[in-house]
Amino acid sequence: MSNVTRNDSWVHTKEPFSRDAYDFLALILATVGVWGICSNLLILILYFKFRTLRTPTNLLLVNINFSDLLLSIFGFSFHFVSCVSRQWIWNEAVCVFVGFCKNIFGNVSIVTVTVIAYRRYIQVACNKVIDFPWSWQAISYIWLYSLAWSSAPLLGWNRYTLELHGLDCALDQTPEGFSQVSFVLLLFLAFLVAPASIMAFCYGYVLYCIRMLRRLQDYQTSSALRLKDYEIKVAKMCALMILALLIFWMPPYIMSLLVMCGYKDILTPTVAIVSSVLVKLSTAANPLIYILTSKKVLFLYYESFSIASFSKGFIPLYKNYGGHLPY
């Protein structure tokens with residue numbers, strides 16, 4: 001018998017899924033969790049190992065990888081063990097801890113992606129040079145902002161509780177009362193609507209400026225061709241980042257909003273587990289986006305996994321290649 005229940009009596013007597021479903025969930029979580037940990041850890045190692053990678057821009061990227069790494073560790077491990085055990089085997093304090101970790105690390109990733117979009121905007125609009133003090137200050141504000149929102153449920157504004165499927169913990173998706181409902185609504189605005197809007201505006205402005213600059217160039221020149229390639233690259237990154245934000249982080253908010261509107265029957269254990277897994281998939285998707293949108297990152301990954309290339313010529317090759325992670 002499990003130690004936890006969805007109605008806070010901490011006794012759950014019925015398994016909502018079949019045995020095969022639990023095994024399938026465990027396999028998915030193990031696969032994605034290992035990929036998320038390895039890919040994010042690799043970028044962190046490369047950043048600190050090679051001095052040419054230590055740029056102010058890449059520092060923001062490292063902040064995303066660091067938060068995604070922690071989310072992979074704390075978000076997947078407890079959930080995986082629960083799937084194997086077919087129940088939540090820890091107490092309420094661990095449940096609150098896991099929910100807090102998932103919330104703060106997820107919020108840090110979302111806000112950092114937004115700040116990176118803003119950095120691109122001010123570089124183009126204000127011609128501002130981004131240095132290390134600016135990046136460190138931005139990272140400090142990101143963590144403080146995320147910590148403030150993630151600590152609110154610990155003080156009684158909403159709560160961290162076991163999810164409907166009984167395998168993981170998160171914010172209460174069935175808020176009742178003005179206090180809990182207001183928190184969900186404000187969180188929806190602060191970490192989904194606002195970031196998506198800011199990213200769309202910033203990347204849209206960057207694309208607009210690139211297109212205007214390209215029109216001033218002769219279409220036969222190499223500069224115009226490079227601008228066109230860069231425009232396509234930024235557009236792909238913009239589309240992927242906004243799409244990933246909406247796909248992975250929107251479902252929990254949509255479920256809570258539907259419940260608040262009276263559609264409680266739509267929140268089933270199956271819907272809840274799909275929403276929970278989607279949030280965790282973001283930790284594995286972010287590194288994949290960097291690979292797909294940049295040949296430099298793809299080169300970095302290829303050379304990192306090639307032991308011969310790494311030992312014989314990776315450092316000089318990468319220096320000649322630019323020594324600079326994009327994004």
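**Exercise 1.** In this predicted model, determine how the residues lining the largest cavity divide into nonpolar, polar and charged, and which elements supply them.

*Solution.* Begin with the composition: the lining of the largest cavity divides into 9 nonpolar, 8 polar and 3 charged residues. Next, locate the centre, to which N103, A170, L171, P252 and V279 lie nearest among the 20 lining residues. Then assign the lining to elements: at least two residues each come from helix 3, strand 2 (169-171), helix 5 (178-216), helix 6 (222-260) and helix 7 (269-292), and helix 3 gives the most, with 5 residues.

**Exercise 2.** Describe the second largest cavity by its volume and its lining.

*Solution.* Helix 3, helix 6 and helix 7 each supply at least two of the lining residues, with helix 6 giving the most, 5 residues.

**Exercise 3.** Work out how helix 2 is oriented against helix 3, and what their contact consists of.

*Solution.* Helix 2 (residues 56-85) and helix 3 (residues 92-125) pack with axes 9 Å apart, at an angle of about 155 degrees. Because angles over 145 degrees count as roughly antiparallel, helix 2 is roughly antiparallel to helix 3. The crossing of the two helices is left-handed, and the residues of their contact divide into 16 nonpolar, 7 polar and 3 charged.

Technical notes:
Residues numbered from 1 in each chain as written. Predicted model: local features only at pLDDT ≥ 70, side-chain atom pairs only at ≥ 80, totals over all residues. Heavy atoms only, no water. Axes fitted to C-alpha atoms, helices over the stretch in contact; angles between N-to-C directions. Helix = DSSP H or I, 4+ residues; strand = E, 2+ residues; numbered from the N terminus. Parallel < 35°, antiparallel > 145°, perpendicular 65-115°, else oblique. Left-handed = near helix turned anticlockwise from the far one by under 90°. Nonpolar A, V, L, I, M, F, W, Y, C, P; charged D, E, K, R; others polar. 1 Å grid on protein atoms, 1.4 Å probe; cavity = no way out; pocket = protein on both sides within 12 Å on 5 of 7 lines; lining within 4 Å. Points joined across faces, edges and corners; volume = space filled by probe spheres on them.
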